[in-house]
Structures are given as structure tokens and as C-alpha cells.
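Please read the following report alongside the sequence and the coordinates.

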Amino acid sequence: MMRNEALTLINKTVPPWLDQESQNSSIVISSRVRYARNLAGIPFPNRASNYELNQVYNMISESIKKDSDLKTIFPVHNPIALDRITRLQAEFLLERHLISPDFAQKCIPRKDIKNNHHLKAYGVAVSEDETVSLMINEEDHMRLQVIMSGLNFEQGFNRLNYIDNKFESLLRYAYSPRYGYLTACPSNIGTALRASILIHLPALVITKEIEKTLRAIWQINYMVRGLYGEGTETKGYLFQISNTSSLGQSEADIITNITKIAQELVNYEEQSREYLLKNMKLEIEDKIYRAYGLLTSARLLSSEEALNLLATVRLGVATQILTNVSLSTLNKIMILLKPANLQLFYNQKMTPQERDEKRASLIRQILSEQKN
Amino acid sequence: MKHCSLCQKPEVTIIITTIDKDGKVCELALCKECAEKKGVGEIKKSFLPPQVILSELQEKITNDDYQLTCPACGISYADFRKHGRLGCENCYLAFSEKLEVLIKRLHGTTSHIGKSVTPSKKLVADRFEIKKLQLSLKKAIQEEDYERAAAIRDQIRQIRQNTT
């Protein structure tokens, strides 16, 4: 019971931030920014003793209690130590981009350790609207993240920076004037800021312009990954793009540059959509209606298939070929179809087969509610 | 047919996409000769993603890398090369010569621009830190752990010295 209570704060249905439709949100699904921070005088998590990890945990949670703003952002039960989180809940947080795959991995019970006492030193804090999340003792002592719907780096970054300043007034960060904020991996030093977008580029994929586009992005030193990581580029027509260099440019430059890249991509995708609608209208309509037809009538849907169909339907909604579905409904389905989110939504453990059935029926239900 | 941006020859072997300081995306098309003159091979190398650069570190670890250690946390440079993670903030000093080259490859530069820890923020942080250390000092004395108490006392002394 204890374990479940810890996560009651998190919205079981859908992250509130994803419900809003904002600027360019039909193409850019979300904008994420994160800071990596370490406390001065304590080894980085990979080298810290359990005592030191606990020290870090306590210093951060004390800071949250001490500062009224931080306390409001991260209310009761924040942070939650990983020993109070089940594996399923960890996957749920991972699917919502609130923790990293490595961090979720920690919650998988280990055969060589009898109890999970050591997990008390690792923690996660999430704001009520799920825009802000903080991992304690991941690769660095602190990984602070803000996620916003659509292309919205300005608001997201301001919030991130505001929270970071609050922590900085209470904690001593590892910092050098030459290298900036010091991190466990030298690839993150400097501003220690990573900015990334999750972007939906179906028309660029269909017109086969995508490879050229992504190569150009790679050449200017930005990282491109598929939704599930490398090698899965075309799943759901979704791509993640982020800066790789964090040193030698100011935070504002990093934010401005990624915003410009996102805008360029949006323009390019829009041009490709126009081209498709002009030259291949029937084929595109067919593709979209088929995807919609499958989503509204299939009895078994794997998360991968559902995600791919959903991506095609999303193109239909954005181009106004489909008018009876809203983007926020699609966003909602996109989160709920994921294995752990689906199980926690129904509050029951399911086998993959049961999940495919429940997933299909839930999607049918949500889409039929939209029709009326 | 594209022309070389530099010598205008109607032959292009490589197109470089860059972002200038205003964030504008520019394309530079180069013929083979101009690309070689400009050392495009080198530019390309610096565009390697960090994962590739870090995984290259795992190759050819030398004896010297085992000898070079961080006095604060004890990891060797060889440990870092194997795992790609440093042990503590002092590693940046202990391995500074070698890291400088790596950081240049990873970021294209070695000096930080942007947000910094400001003295006023630091003062507040220091006071908070001292207060907490004093608490743990008290606890250490209560527990008669004098070795720990002495270490904490020195830590407090050092912070005070740095602030004044």
C-alpha cells in the first residue's frame, strides 16, 4: 500500500501539460529542457558511498522543505525514494519522460541484494502538473527537467532556471569558472543544459526528404533519435532532436538555436504536407482513413502498432482531413497506450495479450466518445 | 548543378550545413580541392557524436592511464576511459591536461559562457552549508566519533576562509 500511496500525486489519466494545445503543437509535441547539477565536495553518484548518496538525498529534500516556492512545486511526498516505487510505477514514470531508462532500471529487483534498502538514496520529485521533474543521484546528483507541450522553450527554460536558482541559493554546486557546472560525464559540462524536442514528421518521411534533413541536423552537431532510441527512427514518425554541446554557448544561445531548428523543421514539414495534399491527396487520405479505421475497430493492438496508426491519424487531424478528433485526444491516447500507463490506468497487472485487448478497447472507447 | 561556394567551379563533393551566431542555417558547398584546403576532414571529425568520442576512449588504455589518479576520489584516468564517468569535481583538475583535449573534441571549445555561481548566492549557500555542518559536528561529538568531528570542523573552517 505504502508504495502506491507515494505516487497518488501523479495524474493517472494523462499529464495535464499534454492536454493543452499550444504553439505548433500539431508538429512539435513537446519541448524539454534539463540541467545537470552536482553538489560541491561530494563525489559524483558513481563514486559516492552509500552514506554520501544519502547525504545528497537529504540535502536536496531539506532544500525543498526549506524554500516555500520549491515546496509548492514539489508538494508532499516529494521526493519519493526509489525503494517506495514498484517496477511498474518506474516504467510508468519512464513512459511519461519523467525519469531516464537507467534510473527506471534501478527499480528492477536485483537477485544479489536481498532488500532494496540501498534505493533509499535515490529519488524522484515531480510537480503536480508533471511539467517539472527532478532525479536525485542519477548520473549526477541532480537532474532537473521541465517539459512543455508544443514548441515552448521560453516558458520551459524560464521555469527551469527559476527552480535552479532556488536550489542554488540553498546548495553549493560543483562549479568551475573555466568549465562551468561540473558533471560526471565531460560531455555535459558548461551550462549542463540539454534542450530537446519531440517532433512529428510524417510528410518528410513519406516524401523521403527525412534522411537528408536529419543528416543536415546531425552535421550541425545536434543529436537525432527515434522515440525509442537509436535505430528505431521511423516508429510513429516521431523524432527527438537535442543539442550535444553544452559548453561555450550561453543558455540563451542553446535555447535560441534549438528553437530556430525546430521552426525550420516545422516549415519544412508543412511544405511537405502541402506537397502531399496537392500531389498525392487520394493516397494520403486512404492511408489516414485506413489508420483511423483500424484504431476504431481493431480488437488487439500492440503499443507499437497503435503508436504507428496514431501517428498517421495525427497527420489526418493536423491537415483537417479528419475533423472529429482533437489533438489533445490523440496526445491522451499516445500516453495511455504505453504498457505501464495502461496497467496503472486500469489499476491491474496484465499480460501482454491482455494489454493488447485492453488497449484496443480503450482506444475504441475514447475515439467513439469523440464522435458524438 | 551546384557550384563550389569558394572557387565557383561547377563541382561539389561536400555540403556543410552550419549555424551562424544568429542561429541562421547556412549551406557551404565545396569542391574536392577546396574541401581539402579547408581541412573539411578535420571539421567532420569534430562533429562526431559524444557517444562515439567516449567509446573511442575505451581503446588502447596505457599503463600511464592507470598511474594517473585523482587524489580526492581515487579513480584512475584508466577508470574514466573505461566507463566514461569521472569520480568527482576534482578529477577535472587531476586529469586536466588529458581532459582539455577531450573537452575540446566534445564541445569544440574549452571555456564556459553563461550562467555562473554568483557570490551572493554562494554566501547564502555557504551559511546554509555551515549550519548543516555544525549540526553534524554536534552529532559526531555526541557519538564520540572525534575523527569525523575533526574532519567536519576542518570543512567548516575552509568554507569560512573562502568566504572572507
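The report turns to the salt bridges, then to the interface, and then to the sheet.

The model is predicted, so that local features need pLDDT of at least 70 and side-chain atom pairs count only at pLDDT 80 or more, while totals for chains, interfaces and linings use all residues; side-chain values use heavy atoms, with hydrogens and water left out. Residues are numbered from 1 along each chain as its sequence is written, and chains are lettered from A and ligands numbered from 1 in the order in which they are written.

**Salt bridges**

A salt bridge is taken here as a side-chain nitrogen of Lys or Arg within 4 Å of a carboxyl oxygen of Asp or Glu, and over all chains the count comes to 24. Three of these pairs are set out below.

| A:Asp140 | A:Arg143 | 2.9 Å |

For burial, relative accessible area is used, with buried meaning under 20%, exposed over 50% and partly exposed in between (1.4 Å probe, protein chains only). Helices (H or I, at least four residues) and strands (E, at least two) are DSSP runs, numbered from the N terminus. A:Asp164 lies in helix 7 (residues 153-168) of chain A, whereas B:Lys115 lies in the loop between helix 7 (96-107) and helix 8 (119-142) of chain B, so this pair joins two chains. Both A:Asp164 and B:Lys115 are buried.

**The contact between chain A and chain B**

With contact meaning heavy atoms within 4.5 Å, 60 residues of chain A and 51 residues of chain B take part. The buried area, which is the accessible area (1.4 Å probe) that two parts lose on being put together, summed over both, is about 4600 Å² between the two chains, with carbon and sulfur atoms giving 57% of it. Three salt bridges are counted between chain B and chain A. On the side of chain B that touches chain A, the elements that give two or more residues are strand 1 (14-19), helix 3, helix 7, helix 8 and helix 9 (146-163), and the largest share, eight residues, comes from helix 8 of chain B.

**The sheet of chain A**

Two strands pair if DSSP finds at least two bridges between them. In chain A, eight strands form an open sheet in the order 2-3-4-5-1-8-10-9, with antiparallel pairing. Strand 2 (80-81) and strand 9 (222-226) of chain A stand at the edges with a single partner strand each, so one side of each is left without a neighbour in the sheet. Strand 8 (residues 193-200) and strand 10 (residues 238-243) of chain A pair in the antiparallel sense over five bridges, and A:Ile197 has A:Ile241, in strand 10 of chain A, as its bridge partner.
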